[in-house]
Amino acid sequence: MSILIVPAILSGMMMGAVYALVALGLTLIYGVLHIINFTHGSLLMLALYVVYFLNLHLGLDPYLAIPIVLPLFFTLGYCLQRGLIAPMSGGSEQNVLLITLAVSLMIDNLALYFWTSNTRSADIAYAYDTVEILGALLPLGRVIAFAAALAVSPVIWAFMAFTRTGAAIRAVAIEKRGAELVGIDVNHTYAICFGIGTACVALAACLLFPTFYVTPQVGYTFVLVAFTTVVLGGMGSLPGALIAGLLLGIIESLCGLFLGESLGQIGIFLAFILILLFKPSGLFGKRAGS
Amino acid sequence: MKFQSWGQCALAFFAIAYLAGVYFASSPIWMGFSINALIVTLAALSWNITGGLGGLSSFGHAALYGTGAYASAILQVKYGVNAWFGLGGGIAAGAAMGAFIGGLAFRYGLKGSYFALVTLAFAEVLRICASSFEWTGGGSGLQLKLMPGLAQLQIIERPWIYTGLLAVVGLVMFLTGLIKHSRFGAYLIAIRENEDAAEALGINTYKIKVQAMAISGAFGGLAGVLYLQLWLFIDSTVVYGSAVSVEALIGPIIGGAGTVWGPLLGTLGLHLLGEGTKSLLPNSPGLNFVFYAIVLICALRFLPQGFVGFAARFGAFNKKERDDA
Amino acid sequence: MLEVRHLSKTFGGLKAVSDVSLDVPEGSIVGLLGPNGAGKTTCFTIIAGFTKADTGHVHFAGQDITGFSPHHICRLGMIRTFQIVQPFVGLTVQENIAVGAYLHHPQRREAMAVARDVGKRLGLGGMLDRPASALTIAGRKRLELARALATGARLLLLDEVMAGLIPSEINEIVAIIRQIQSEGHTILLIEHVMQAVMSLVETAYVLNQGRLIAHGTPQQLVADPEVIEAYLGHGAAARLQEGHHA
């Protein structure tokens, strides 16, 4: 058994990097807008379909689709926040939660209607080429995703730290009123932030697709894992999300190894419940639970 | 259950007229559809106790519904218990699950979105467990033996199923009205409006919230058991799936959260819409949920108190009071 | 009736309350005064059980209630009100008061009768069937008092019931507080406007930066240089003295 543990941990980390990438977007949105965004998983699913169709009809490689999908989803996220979520919620926290739930229901079920519940995946020749690391054979696609996820976090961090927009986002996150008073367009900043979060999800989709599949339900599984990641990492903490994502990937992989494939995810959800109960501020968060 | 306006009376009248009309339509499709709607109404009434009266919005009421259904099915299939005891067991199990989830979540002070998320996670854990263990029938679910007759709570004649469900829904609505106008109900509403102020007034808010979850669990468990007795089959997706949780919360919010009639009106309205979609666009899986979502968004924006609150504006009996129904 | 001994509470390095002791005899009206941020409300939240003190004890009616939960303390007969009035907006005025009355009257009929009675006594008779959201600020302050009284509490901790009111409304609420006292209740009230309570309280404690700096009758307190400095800043007492001599 112990000979299987190292490969299990490594392959868990590869998946965990994707979780981290999905969660980066979610935690960014939470950290600034203070909303729990249920649409996140659905947007991932949608991005996976876009990548799939680009590949199917135009023969576009998923990695080459990044320059198309990223701006597309940034715009989509921007419009979703500015055009639907903000105006319809009237500012109440409970309403925002319900509206994002409703939007995700809408996206999921429209996908079901148009694209049926069939599982689809692409035949990408090199995706399952393997790389040997520490004696474990890992799919190349996953290793690329892992590397990319690690690379993206510092980019987002640098964006937040060194650009004007990043400064505006940080200002709005800390003190909305004050930011408004010094002339920052809060609604615009919120939407930008939502757009960046959505772009993160689109990037995750491009990196995930070569070694994964897509169905209309796929978002739901991911959104729960992403919530867990965000809560474990500390709501709104970017490095927290990264580490928590890797950790959860490992937990899932080990649970799968010891309890059987079908119970793999249960480790994640149990972790979720335990964190919410005992340490809702997460590993790296400053914010209290309620 | 007091009406405050002619508008609300009209709403209730339409609902009753529709429910009575089902008997005369002699359409098995309408009957079957209405039977489903009534079971969902029970789940919605269950959500309404915590989510509506107590402001404790759960996104995982399937945890209660599914636990009721599974408890009864396991008792009957694995231990050969009579269905009526299974019913009791299911209600008790639902209440226990509610108290357990509430007890944990409220002990650690979870509120708002955090409470919503933790309930969702519980439902998901239960779903995965139910689909993984042999004791719960694993992936293939649990099937009751066909034993028609009241002795095993297996009624075959649709009009009788419908009548029975109407009676149960009526009973639960009556109980909701009693709760709402009791000390317990006033305490729940006080907690919803302002928990600190409620605590200062001598209310043991933790106890009240856990009790509310237990009552909600009993109603939810009841709904799950009746679903089982109707279809004689359950599996993890059907009773622990997110669709159950979503339907349980949309109905009351659209109809009027925290009101006696809201869950019924909202659920009937939604299901009529869903059925309309189905007849206009056959073979369109999921499309009804798209419309549910649109209605939910519109209701949140334009009808903050749901149908019942909206109807209160028309022909109010007493111009002074409009806040209660 | 209420004895507070050596209460201290620190919030992340800030001494919000330090070594506060005070007594409220039965049947009296006692003031807890001090400038903004002096730690008055923190004292209240500790006494009423909403926050745990780091050290110190609270005795109420001869019983040590340190660490009891707020609802337990209320059940024993001590209740606090909130500085920012918090009506239950989904309920009518009478139902709001009934939430308090339910504590010792589990039946709706009785609780509503008690609520009606208390509401009338506090001048809310005409508003009983209106939603609580329809009340003015002054009305909400009365509602807050009515809800507290309806629990049957013997000791009321009132947190700035006069803040935000115009002078005529203050006079009304002073009269109501007197009336409540004459009915046998004991009152500890927080105020940062000293003038408003001078005529009302028998004795008062003055808090500044978490410490008790003075205790006495209102007349003694207004002459106390330390109290004047706490309110008006360092050196103010001396300047006032000079002013008097000139």
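Which residue of E4(C) does Ser8(C) stand opposite? Ser8(C) stands opposite Thr55(C). The names used here follow the DSSP runs, in which helices (H or I, at least four residues) and strands (E, at least two) are numbered from the N terminus.

The structure is a predicted model, in which local features need pLDDT of at least 70, side-chain atom pairs count only at pLDDT 80 or more, and totals for chains, interfaces and linings use all residues. Residues are numbered from 1 along each chain as its sequence is written, while chains are lettered from A and ligands numbered from 1 in the order in which they are written. The model has an ipTM of 0.87 and a pTM of 0.90.

**Chain C**

The predictor's confidence in each residue is given as pLDDT, from 0 to 100. For chain C the average pLDDT is 87, and 94% of the residues score at least 70. Among the elements of this chain, the highest mean pLDDT, 94, belongs to helix H3 (residues 93–101) of chain C, and the lowest, 64, to helix H10 (residues 236–245) of chain C.

Chain C contains an open sheet of 4 strands in the order E2-E1-E4-E5, with antiparallel pairing. Strand E2 (14–24) and strand E5 (63–64) of chain C lie at the edges with a single partner strand each, so one side of each has no neighbour in the sheet. Two strands are said to pair if DSSP finds at least two bridges between them. Strand E1 (residues 2–11) and strand E4 (residues 55–60) of chain C run antiparallel and are joined by 5 bridges. In a regular strand the side chains alternate between the two faces of the sheet.

**Chain A**

Chain A has 11 helices and 2 strands, and its elements run α-α-α-α-β-β-α-α-α-α-α-α-α from the N terminus on. Strand E1 (residues 130–133) and strand E2 (residues 136–139) of chain A pair in the antiparallel sense over 4 bridges. Within this pairing, Leu138(A) in E2(A) is the bridge partner of Val131(A). The hairpin of E1(A) and E2(A) has 2 residues between the strands, and Leu134(A) takes a positive phi near 50° there.

The C-alpha trace of chain A spans about 60 × 45 × 35 Å along its principal axes. Its radius of gyration is 19 Å, which agrees with the value near 19 Å for a compact globule of 290 residues; the radius is taken over C-alpha atoms, and the globule rule is 2.2 Å times the number of residues to the power 0.38. Of the 290 residues of chain A, 53% count as buried (20 or more other C-beta atoms within 10 Å of the residue's own, with C-beta atoms placed from the backbone).

**Contacts between chains**

Two residues are in contact if their C-beta atoms, placed from the backbone, lie within 7 Å. Of the 2 pairs of chains that touch, chains A and B have the most contacts. No contact joins chain A and chain C, whose closest C-alpha atoms lie 14 Å apart.

Definitions and conventions. Buried ≥ 20, exposed ≤ 12 C-beta atoms within 10 Å, placed from the backbone.
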